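Thanks for coming, everyone. I'd like to walk you through one protein today.

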Amino acid sequence: MSDEIPITRPWLGAAETQGVAEALEDRWVGQGPRVAQFERRLAARVGASQAVALSSGTTALHLALVATGLGPGDEVIVPALSFIATANAVRMVGGRVVFADVDPATLNLDPADAARRITPRTRGIIVVHQLGLPADLTRLGDLADKHHLTLIEDAACALGSSWRNTPIGRPHGALACFSFHPRKIITTGEGGAITTSDDSVANQLRRLRNHGGETTPDSTGQGRSQGPIHYAQLGYNYRMSDLHAAVGLAQLDRLDEILKRRRRIARRYDARLRNHPSLITPPVIPDATHNYQSYHVTLTEDAPATTADIVTRLAAESISAQCGLTAIHREPAYADEPTPTLPHTERLNQRGLFLPIYPELTDDEVTRVCDALIAALEGDHGT
Ligand SMILES: Cc1ncc(COP(=O)(O)O)c(C=O)c1O
């Protein structure tokens with residue numbers, strides 16, 4: 001049997017191990033100086049004045065909504081084709097999720113469809129840079145401005161991408177939310193961050209991640225002194241630990257190489273798959289620089305196999321693939337909502353396919369994936 005090719009694999013090495021060992025050695029195992037350093041370096045990297053490190057991309061989305069004052073009864077437009085956390089965050093603040101459709105070429109929120117769903121109760125839009133490809137921030141920014149809506153960027157997958165030469169994370173909207181889950185561009189194990197250029201929002205986020213308290217408690221167990229803490233508002237424990245930040249700092253050192261490798265792998269997939277009659281490969285958008293957090297193809301209507309067939313056939317060759325993005329409105333958790341008409345979301349959910357991509361994927365492995373995919377598409381499906 002051939003070696004396994006997973007769908008993703010974080011690129012970790014001696015630097016991450018050493019960083020964690022040093023954090024353990026000096027007993028900073030809660031939030032401490034490494035988190036502060038990680039925040040400074042992340043903000044500098046994306047060109048924001050502030051980054052606030054958090055426990056996940058989901059908690060980043062939640063706090064982004066809280067910090068921008070979105071709450072009960074507010075309608076927030078989100079793309080229906082996304083990871084479920086994008087919509088869940090709206091519910092976490094008591095808001096009403098309003099699903100909009102995506103542009104079938106980019107898989108990103110369609111500004112025209114979003115515009116059609118605006119009502120007098122609409123207060124915000126969460127724009128997702130899906131799979132790392134930036135959404136049309138120019139049109140969505142204009143739409144948000146015109147209707148006085150808060151624009152929050154779900155940039156979970158988009159570190160290293162840019163829109164019109166501006167890095168994602170230097171917020172075009174109010175705030176940009178990142179995830180450092182192992183499937184993302186860099187990982188901290190679990191983790192997330194919000195970047196902003198508004199210092200008062202950053203301070204608010206720092207309180208919110210820490211129970212609403214004014215200062216960050218010393219969670220090292222080393223008994224470092226601190227003044228009294230006052231809890232001015234409801235808050236949460238959404239802190240990142242220094243163990244996680246130690247991994248993140250080493251990952252930031254690798255970021256350029258990670259992006260280079262991902263783009264190179266994507267070019268190899270493109271070259272091999274672009275002209276296949278049953279496949280649509282990722283688009284090239286002149287205004288957007290893609291980080292290829294995922295490599296996703298769409299099966300054409302007349303493709304001779306379903307995505308589930310292909311996943312099964314690739315699994316038999318020890319290759320992990322995955323069926324398309326979630327159509328959130330079809331999930332049981334959203335069954336109590338009226339079912340909107342979202343034709344592109346429905347189709348892409350059925351016809352989208354993720355192929356393996358990660359920095360250590362070799363050229364030979366890309367060839368193996370492409371051979372197996374083409375065989376699955378061209379094989380005998382007559383049974
Ligand atoms: C688009 C999107 N939003 C939000 C999240 C949530 O991030 P996390 O898993 O770090 O909570 C993810 C990833 O998992 C995602 O892909």
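**Overall picture**

Of the 383 residues in the protein, 51% are buried. Keep in mind that this is a predicted model. The secondary structure comes to eleven helices and 14 strands.

How does the radius of gyration sit against that of a compact globule? For 383 residues, such a globule would come near 21 Å, and the protein has 21 Å, so the two agree. Along the principal axes, the C-alpha atoms fill a box of roughly 75 × 55 × 40 Å. Now contacts. Take those with a separation of 6 or more: 72% of them join residues 24 or more positions apart.

Let's start with β2, residues 75-79. Five of its five residues are buried. Which residues point which way? E75, I77 and P79 point one way from the strand, while V76 and V78 point the other way. All of them are buried.

β2 has strand partners. It pairs with β3 in the parallel sense, over five bridges. V76 has V97 as its bridge partner in β3. I77 has V98 as its partner in β3. To get from β2 to β3, the chain passes through helix α4, residues 85-92, and this β-α-β crossover is right-handed. β3 itself covers residues 96-100, and four of its five residues are buried.

β2 also pairs with β4, residues 122-128. These two run parallel as well, joined by three bridges. Here I77 stands opposite I125 in β4.

**Helix α3**

Next, α3, residues 57-67. Is this helix enclosed or open? Eleven of its eleven residues are buried, so it is largely enclosed by the rest of the structure. The buried residues include G57, T58 and T59 at one end and V66 and A67 at the other. H62 is buried too.

What covers them? The list includes strands β1 (50-54), β5 (150-154), β8 (175-179) and β9 (192-196). It also includes helices α4 and α7 (199-208). Just after α3 comes G69, with a positive phi of about 80 degrees.

**The ligand shell**

Now the ligand. Which residues come nearest to it? They are S56, G57, T58, A156 and S179, out of 14 residues around the ligand. Note G57 and T58: they are nearest the ligand, and both are buried residues of α3. α3 and α4 each supply at least two residues of the shell.

**A second sheet**

Move on to an open sheet of four strands. Its order is β10-β12-β14-β13, and the pairing is antiparallel. Which strands sit at the edges? They are β10 (279-280) and β13 (322-323), each pairing on one side only. β13 and β14, residues 352-355, run antiparallel and are joined by two bridges. C323 stands opposite L353 in β14.

**Loop positions to look at**

R27 is one. Its phi is positive, near 70 degrees, and it is not a glycine. R27 lies in the loop between α1 (14-25) and α2. Is R27 buried or exposed? It has 12 other C-beta atoms within 10 Å, so it is exposed.

L131 is another, with a positive phi of about 60 degrees. This leucine is in the loop between β4 and α6 (137-146). L131 has 25 C-beta neighbours inside 10 Å, so it counts as buried.

Last, G47, in the loop between α2 (33-46) and β1. G47 has 15 C-beta neighbours inside 10 Å, so it is partly exposed. Leaving out residues up to four places away in sequence, G47 touches P167 and R170. And how far is G47 from P282? They are 235 residues apart in sequence, and 27 Å apart in space, C-alpha to C-alpha.

Conventions:
Residues are numbered from 1 along each chain as its sequence is written. This is a predicted model: local features need pLDDT of at least 70, side-chain atom pairs count only at pLDDT 80 or more; totals for chains, interfaces and linings use all residues. A residue is buried if 20 or more other C-beta atoms lie within 10 Å of its own, exposed if 12 or fewer, and partly exposed in between; C-beta atoms are placed from the backbone. Two strands pair if DSSP finds at least two bridges between them. A crossover is right-handed if, with the strands pointing away from the viewer, the path from the first strand over the helix to the second runs clockwise. The radius of gyration is taken over C-alpha atoms; the globule rule is 2.2 Å times the number of residues to the power 0.38. Two residues are in contact if their C-beta atoms, placed from the backbone, lie within 7 Å. A residue is near a molecule or strand if its C-beta atom, placed from the backbone, lies within 6 Å of it.
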